[in-house]
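Welcome to this guided tour. Open the structure in your viewer, and we will go from stop to stop, selecting one piece at a time.

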Amino acid sequence: MSQTIKVDTLIKTFQVPEREAGLKAAVGSLFKRKYREVEAVKKISFGIDAGEIVGFLGPNGAGKTTTLKMLAGLLFPTSGQIDVLGYEPQRREKELLRQITIVMGQRNQLMWDIPALDSFELQRAIYQIPEGEFRRMRDELIDLLSMGDLVKKPVRNLSLGERMKAEFISALLHRPKVLFLDEPTIGLDVTAQRLIREFVAAYNQRYQASVMLTSHYMADVQALCKRVIVIHHGQLLYDGGLAGLVEKFAAYKTIGVTLNDPDLDLSEYGEIISNSKGQVNLRVPKNATAQITTRLLNEVAISDLTIEDPAIDSIIEQVFQQEAQVV
Amino acid sequence: MVYVRLFWIFLRVSVISEFQYRVNFFVQLFQSALALGTGLVAMSLVFSYTQNLAGWTQPELLAVMGVHIIVGGLIKTIIQPNMNRLIEDIQEGTLDFALTKPADAQAIISVREFRIWQLIDLVLGSVVLGYAISQLSTSLGWLSALAFAAAVLLGGLMIYSVWLMLSVGAFWIIRADNFLEIFDSLYQAGRWPVSIYPGWLKHTLTFVLPIAFAVTLPAETLARQLNGQNLLFAVGLTILLLVVSRLFWRFGLRHYTGASA
């Protein structure tokens, strides 16, 4: 399969004005500014195939948005190579821009006072989409998102979820091959989140588009991404399958047991996370799981036993915390 | 031509949204009438003491005032709303959307907004100008009418270029709003012909903020006589400003970091 995005040892440093707190320092900085170099992205490399949905994860300030902006041609890299569909994004060539799109959950591009349908016409003119193709695509997207007549209402009268759906239609009318989605489900209710997720999956399937998704909702990532890229402090921590992330970073497993005698104390076997009427959850080191399980089965009267990996968000959280301590 | 179509669609969309705020029409009407009234009172005060002001007769000054209102209306219809939106977009990071479109970003950011109710000033200004011309002894030919239209267009383009450069300052300093207020107060000075001002101010109004070219020159081509040399000079300056502001815009884009999410 061909790669649509290639990133090679990408670096971005910002010059940040530095000043101390307080009035005196503020006045001083009017005349003489000290600058500090901040490395937002440090030597990141990865590639993304056509038709692939990749979750781009990292805590706030990890360099996710900076990287996305460089991929979309909004920021000039300090050094390193980016190739999107055979173009260098920072040159902002029309041939490339016609094939990509960017959707940001926190920012809107639809005009507030007019129906989304009128804003779509604007997109048609900017992207120079032929009339027939435009209509077909527009109606298809409206249908996929079950927007119906909502596109005829002024955008300001739409709910947050409806507005986001309209944003998606507007951003995909030109049938882009590469999608950059920055927190597209932020602030939406569970139903709207699910709808957006299903929509992204359907678009990806239908048009074999590459999708880079950042989200703080693990449900988004689990539903859409087979592969995740994790960055932290501007560095690439992990690039691979979602299951592998659990494998690599989960240091613990959870053993759930149902006791015949609810009063039994299991704290010698592992850390007790919860205990209600004989339903006990134990956290144990991953490499000791087999051994502890055997001991439990031999030494304690148990009616049921399960072994689970911890939830993905808690792993992610743990990874970020660990790294923060190291650095 | 793609950009002409874009222009029309943006205009159409703006008209649709402006019509939802019809109250603005009346507010604008009131505001414009008030501004015109105070302007006329000030002028009649001046002419109750003297018959001419630095060589300008009353009808000539009235013509300058008419042009000032017309050009001011054009600025407030197209230039100001687009530049304000640009600064807002830079502050909020929504400029990303304009920059990821397969069309010239400068063209897009320059024609996105229209405040059609501001066109009231165009009507009022034309009435004032028409009356001034009827009071003048000179008769008006096609040539001077054409020269007038050209002078207004050139003046508008010059002001656009200067304003764009000021707005692009927002790429570095983010709060560029203050710049624009300076522009606004200096524009008020254009109500009188720039030749009445002392040297330093006259030069500022001519070359730094080309109000002399945007207001005084068009009025001159109508109320006095067509000065081909000045008009030619205006063409040259317009081209220069357009090129410089374009270069500055592109330079600014390299420094755009966008408000982070």
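Which residue is the bridge partner of A:Ser276 in E12(A)? Select A:Ser276 and you will find that its bridge partner in E12(A) is A:Gln279.

Before going further, note that this is a predicted model, in which local features need pLDDT of at least 70 and side-chain atom pairs count only at pLDDT 80 or more, while totals for chains, interfaces and linings use all residues. Residues are numbered from 1 along each chain as its sequence is written, chains are lettered from A and ligands numbered from 1 in the order in which they are written, and side-chain values use heavy atoms, with hydrogens and water left out.

**Stop 1: a hairpin in chain A**

Stay where you are and select residues 271–276 and 279–285 of chain A, which are strands E11 and E12. Helices (H or I, at least four residues) and strands (E, at least two) are DSSP runs, numbered from the N terminus. E11(A) and E12(A) pair in the antiparallel sense over 5 bridges; two strands pair if DSSP finds at least two bridges between them. The hairpin has 2 residues between the strands, and there A:Lys277 takes a positive phi near 45°.

**Stop 2: the three-stranded sheet**

Next, colour strands E2, E1 and E4 of chain A, which form an open sheet in that order with antiparallel pairing. At its edges are E2 (34–49) and E4 (79–84), each pairing on one side only. From one strand to the next the twist averages 25°. Now select E1 (residues 3–18), which is joined to E2(A) by 12 bridges. To see one pair, pick A:Glu18, whose bridge partner in E2(A) is A:Lys34. As you look along the strands, keep in mind that in a regular strand the side chains alternate between the two faces of the sheet.

**Stop 3: the six-stranded sheet**

Still in chain A, follow the order E5-E6-E7-E3-E8-E9 across an open sheet of 6 strands with mixed pairing. E5 (100–104) and E9 (235–241) stand at the edges with a single partner strand each, so one side of each has no neighbour in the sheet. Here the twist averages 15° from one strand to the next. Zoom in on E6 (residues 178–182) and E7 (residues 210–214), which pair in the parallel sense over 5 bridges. A:Phe180 has A:Met212 as its bridge partner in E7(A).

**Stop 4: where the chains meet**

Show both chains together. How many residues of chain B are in contact with chain A? There are 33, and they touch 31 residues of chain A; contact means heavy atoms within 4.5 Å. The two chains bury about 3000 Å² between them, 62% of it on carbon and sulfur atoms. Buried area is the accessible area (1.4 Å probe) that two parts lose on being put together, summed over both. In chain B, select B:Phe97, B:Thr100 and B:Pro102: these lose the most area to chain A, together 23% of what that side buries.

**Stop 5: helices of chain B**

Two packed helices are described by the angle between their axes and the distance between the axes. Axes are lines fitted to C-alpha atoms, for helices over the stretch in contact, and angles run from 0 to 180 degrees between N-to-C directions.

Select H7 (residues 142–168) and H12 (residues 228–254) of chain B, which pack at about 25° with axes 9 Å apart. H7(B) and H12(B) are therefore roughly parallel, a term for angles under 35 degrees. The contact includes B:Leu154 and B:Met158 of H7(B) as well as B:Leu241 and B:Phe248 of H12(B). Its residues divide into 19 nonpolar, 4 polar and no charged. Ala, Val, Leu, Ile, Met, Phe, Trp, Tyr, Cys and Pro count as nonpolar, Asp, Glu, Lys and Arg as charged, and the others, Gly among them, as polar.

Technical notes: Angles under 35 degrees count as roughly parallel, over 145 as roughly antiparallel, 65 to 115 as roughly perpendicular and the rest as oblique.
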